Amino acid sequence: MACGVASIFFVVLIFLFLVKEGLAVFRSVSFSHFMFGHKWYPISEPPHLGILPLILGSILVTIGAAVISVPIGVGCAVYIAEIAPLRVKEILKAGIELLAAIPSVVLGFVGMVTLVPLVKNIFHLPTGLTALSGSVMLAFMAMPTIVSIAEDALYSVPKNYKEGAFALGATHWQTIWRVMLPAASSGIVAAVMLGIGRVIGETMAVMMITGNAAILPKSILVPVRTLTATVAAEMGEAVVGSEHYFALFAIGIVLFVISFMINVTADLFLHRRP
Amino acid sequence: MFKRRFWAVVLLAFLSVSCAASGNNSIQVKGSDTMVNLVQAWAEKYMEHNPGSFVAVTGGGSGTGLSSLISGTCDIAMSSRNIKVTEVALAEKRGINPNEIKAALDGLAVVVNPENPVDRLTVDELAAVFTGRIVNWKELGGRDEKIVILSREVNSGTHVYFKEHVLRKNDPGSQEEFAPGALMLSSSQAIADEVAGNSAAIGYYGMGYISANQKPVAVAQEHGGEYVLPLIENVMNGTYPISRPLFLYTNGVPASLVGEFVEFALSPEGQEIVRTMDFVPLMK
């Protein structure tokens, strides 16, 4: 009980601190300029503090990662829960847990030396440090979350649904596609949302492989700068009490709001019982 | 380099234990990543001469060092840029009086891939490239390739110096900025690696990072001027246009151990270490 209250207490404290420091930026720059400004030059005089390129960068990388990780992750969950023989199942589950255990900085490093040159050569780009590289690497990070939660959701489908489908003469494939997946859909959506939540908050790997250029991305093959990478890269240098410092906290609020919304959505789906 | 970092960490751990026993026999030095290796080399030599005293060196960026000095958590801040007016104001509010000591010089090398035929540029051309006015290498006599601009992150003193002295040409009223499409990399080593592997890339860093995998560009101050390579003697005699001082900041005029350490850094022996670390000593 005490621990539970304490954790909520800490979240509230963190949020209040974020709000207190972050809202100060709006004394010098209007809300719409901050959210929709195209230029991010925080250390110039006067600073340009428009985070639209950063928001779009984060969204682009996240969508890319979702497009890659959701089909593979859900497919993997279905295979593990429904099709794979016991031995294969055990090996796969161990492998996926191992994937979750790789520190993101290691994934970033591996991505930098293997994936980045590959992307550059395949698409004949001037540089391989692009949103696509970030998406692929982050897909690896989201996958363990998606697979394990989606798999749990498939297990929690009542057994008689499946037996009923077989009794009606449905094939294994029809049972999975028409019965199991719809029955587990709320859990699968929650899995996807939590995976996305992990991606949007990820910092180290994206900072290493997306190039960090604050431009409005026109395709997934250009460098982008994400919200998280901006805070991580610039917080050390920001003069305490400057507009730049407050702007980084305001970015923190934006991130907090985004992941809060994602988690709430996931929660709503998770508790919506069929 | 990693070995040095490792020893810095070990030293730090040791220091936290020894602090209790030995009181003021230790100095904390913090700041510019460009200077970490240099100051660490000074510290090692200094501790060799003065057994029983400890100098702990950590990086983090010039701004990090200066804010630690201001908050009183380090004795010396290493900085590759001048302290800002806002930082001085903040320091005075906290009762800290930043004292600037020029400790060495550093030439900023502009580097391209060795396969790139372009080997000399003027400061104006550099400004045009890094602000995005020139976007293709063929405009500079190179191949028909889009230029990939590499820059350090904004937490780097090197970034600030390059912007103020190359992009803005020391004009405080100038509004020039790095092109929005410039890739911001988090370390000089990352820039070195990307330049080594990318034939269209151009980047900048302290000349200590130059290796056979990158080609330094000869730079001329103005059109028609002499093109000069980033070499130690060219920085010392002032002909290389993009060089900068490296600073140590202390709280007030340094005394006792801090003073001795600074004195050692500025001594002929300390300045010889500067040369061996590929930076540029203050005097001949």
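Predicted model: local features only at pLDDT ≥ 70, side-chain atom pairs only at ≥ 80, totals over all residues.

**Entry 1: a pair within chain B.** I began with Arg81(B), which counts as buried because its relative accessibility is 5%, under the 20% cut-off.

**Entry 2: another pair in chain B.** I turned to Glu177(B) and Lys163(B), whose side chains meet in a salt bridge at 3.6 Å, N to O. This pair links distant parts of the chain, 14 residues apart: Lys163(B) sits in helix α6 of chain B, and Glu177(B) in the loop between α6 and β7 (183-185). I checked the burial of each: Glu177(B) is buried with a relative accessible area of 11%, and Lys163(B) is buried with 4%.

**Entry 3: across the chains.** How many salt bridges does the structure hold over all chains? I noted 15. One that I looked up is between the side chains of Arg225(A) and Glu153(B), at 2.9 Å, N to O. Arg225(A) lies in the loop between α10 and α11 (227-234) of chain A and Glu153(B) in the loop between β6 (148-152) and α6 (157-167) of chain B, so this pair joins two chains. Both residues are buried. I also found Glu234(A) linked with Arg225(A) and Glu153(B) in a network of salt bridges.

**Entry 4: a bent helix.** Where does helix α5 (residues 104-123) of chain A bend? I put it at Met112(A), by about 45°. Its buried residues include Leu107(A), Gly108(A), Gly111(A) and Leu115(A). I traced what the buried residues of α5(A) pack against: α6 (131-155) and α10 (204-209) of chain A, together with α7 (188-197) of chain B. After α5(A) comes His124(A), with a positive phi near 50°.

**Entry 5: a buried glutamine.** Gln271(B) is in helix α10 (residues 268-276) of chain B, and at 4% relative accessibility it counts as buried. A polar atom of the Gln271(B) side chain lies 3.0 Å from the backbone oxygen of Ala103(B). Among the other residues that Gln271(B) touches, I wrote down Trp42(B), Pro281(B) and Met283(B).

Entry 6: Last, I looked up Val12(A), in helix α1 (residues 2-23) of chain A. Val12(A) is partly exposed, at 42% relative accessible area.

Terms used. Residues numbered from 1 in each chain as written. Chains lettered and ligands numbered in written order. Heavy atoms only, no water. Helix = DSSP H or I, 4+ residues; strand = E, 2+ residues; numbered from the N terminus. Buried < 20%, exposed > 50% of the residue type's maximum accessible area, 1.4 Å probe, protein only. Bend = angle between axes of the 7 residues up to and from the residue. Contact = heavy atoms within 4.5 Å. Polar contact = N/O pair within 3.5 Å; in protein donor to acceptor, adjacent residues only side chain to side chain. Salt bridge = Lys/Arg side-chain N within 4 Å of Asp/Glu carboxyl O. Lists of a residue's contacts leave out its neighbours within four places in sequence.
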